[in-house]
Amino acid sequence: MPAHSGDTQLHKPASSPKRTDSKSNIQVPSSHLNSIICENNEVTSQKERSYYFKGDRNESRLGDHFFNQPCIALAKALLGKVLVRRCADGSELRGRVVETEAYLGGEDKASHSAGGKRTERNTAMFMKPGTIYVYSIYGIYLCMNVSSQGDGAAVLLRSLEPLQGQPVMRQLRAQARRKATARPLKEKELCNGPSKLCQALDIPRHFDRRDLAGDPDVWLETESDDPGSTGPPITQPGVEGKKTAEAGVVVAATRIGIESHGEWAKKPLRFYLLGNQCVSVVDREAERHSRQGP
């Protein structure tokens with residue numbers, strides 16, 4: 001989440017923006033797989049429960065208590081959790097979080113909120129923990145973040161391991177790539193990057209400022225085999241060239257794409273599951289340190 005100098009500084013607290021309700025249908029061909037409909041409703045910009053909160057939750061769904069922790073702790077805790085996207089027909093796309101990046105707020109020179117700057121774009125970073133922050137890069141790609149404790153602090157979801165709905169993910173990625181001659185994607189390539197996972201799970205820009213603790217269309221769940229559980233080691237079901245990840249081993253490496261931010265570019269604030277084939281960029285030196293332990 002490199003700092004963005006083009007943001008317009010706000011001079012008064014942001015009020016809840018009003019947006020016209022609309023629906024964007026993504027038609028997925030090939031056997032009428034799914035048609036994902038996204039609702040563009042009113043969002044809030046205050047530190048309060050999102051407009052999207054619903055009472056119905058399953059027991060595995062992560063709630064407010066989980067998200068209410070410091071940024072680095074949340075970035076690590078998210079590893080192994082499952083991001084779920086509900087489609088219009090009730091089916092679900094699922095991917096296990098295998099890579100994250102922590103952006104620590106005002107002190108972090110690489111953050112959109114560096115210096116405590118609050119803008120219309122980054123308002124979600126200052127909202128309650130568990131708020132979704134979606135921003136665009138290069139005007140065409142999207143990245144999804146989750147706010148944590150600390151003003152302006154958030155965690156970037158960098159890579160997922162596809163678990164359910166891979167045919168739909170493949171169609172959504174192909175549609176986004178817009179190249180008739182593009183080679184078919186391997187399963188491990190469907191969500192191995194922040195913008196790729198947004199394409200594969202159809203995370204739109206207007207999901208910005210929604211509440212992951214209660215949103216009906218997107219949420220996070222826990223699994224018995226995530227690194228923080230007492231379940232069996234994580235494996236790579238359905239992923240070509242599968243390789244078992246070393247259970248509980250988290251690699252701390254430098255973040256991607258922030259080389260111009262001095263000392264902050266060298267801080268190990270990117271976290272990923274060692275041995276997982278869906279990690280976007282591996283750091284062999286950091287992996288050696290992780291295996292050796294403190």
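**Rings, charges and buried residues**

Modeller: I would begin with lysine 267, whose charged end sits over the ring of tryptophan 264, 4.8 Å from its centre. Please keep in mind that this is a predicted model, in which local features need pLDDT of at least 70 and side-chain atom pairs count only at pLDDT 80 or more, while totals for chains, interfaces and linings use all residues. Residues are numbered from 1 along each chain as its sequence is written, and side-chain values use heavy atoms, with hydrogens and water left out.

Colleague: What makes a charge sit over a ring?

Modeller: The term requires NZ of Lys or CZ of Arg to be within 6 Å of the ring centre and within 35 degrees of the ring normal. The charged end of arginine 255 is also placed this way, over the ring of tyrosine 103 and 4.5 Å from its centre.

Colleague: Why is the pair of phenylalanine 66 and phenylalanine 67 called edge-to-face?

Modeller: Rings of Phe, Tyr and Trp (its six-membered ring) pair if their centres lie within 6.5 Å, and planes under 30 degrees apart count as stacked, over 60 as edge-to-face and the rest as tilted. By this rule the count comes to two aromatic pairs. In one of them, the ring centres of phenylalanine 66 and phenylalanine 67 are 5.3 Å apart and the planes stand at 80°, so the pair is edge-to-face. In the pair of tyrosine 133 and tyrosine 135, the centres are 5.3 Å apart but the planes are at 40°, so this pair is tilted.

Colleague: How do you know whether phenylalanine 67 is buried or exposed?

Modeller: Buried means under 20% relative accessible area, exposed over 50%, and partly exposed in between, using a 1.4 Å probe and protein chains only. Phenylalanine 67 has a relative accessible area of 0%, and is therefore buried, and phenylalanine 66, at 14%, is buried as well. Tyrosine 133, at 0%, is buried, as is tyrosine 135, at 2%.

Colleague: Why does glycine 63 count as buried?

Modeller: Its relative accessibility is 12%, so glycine 63 counts as buried. Glycine 63 lies in the loop between β2 (35–39) and α1 (64–67), where helices (H or I, at least four residues) and strands (E, at least two) are DSSP runs, numbered from the N terminus. The C-alpha atoms of glycine 63 and aspartate 211 are separated by 9.6 Å, although these residues are 148 residues apart along the chain.
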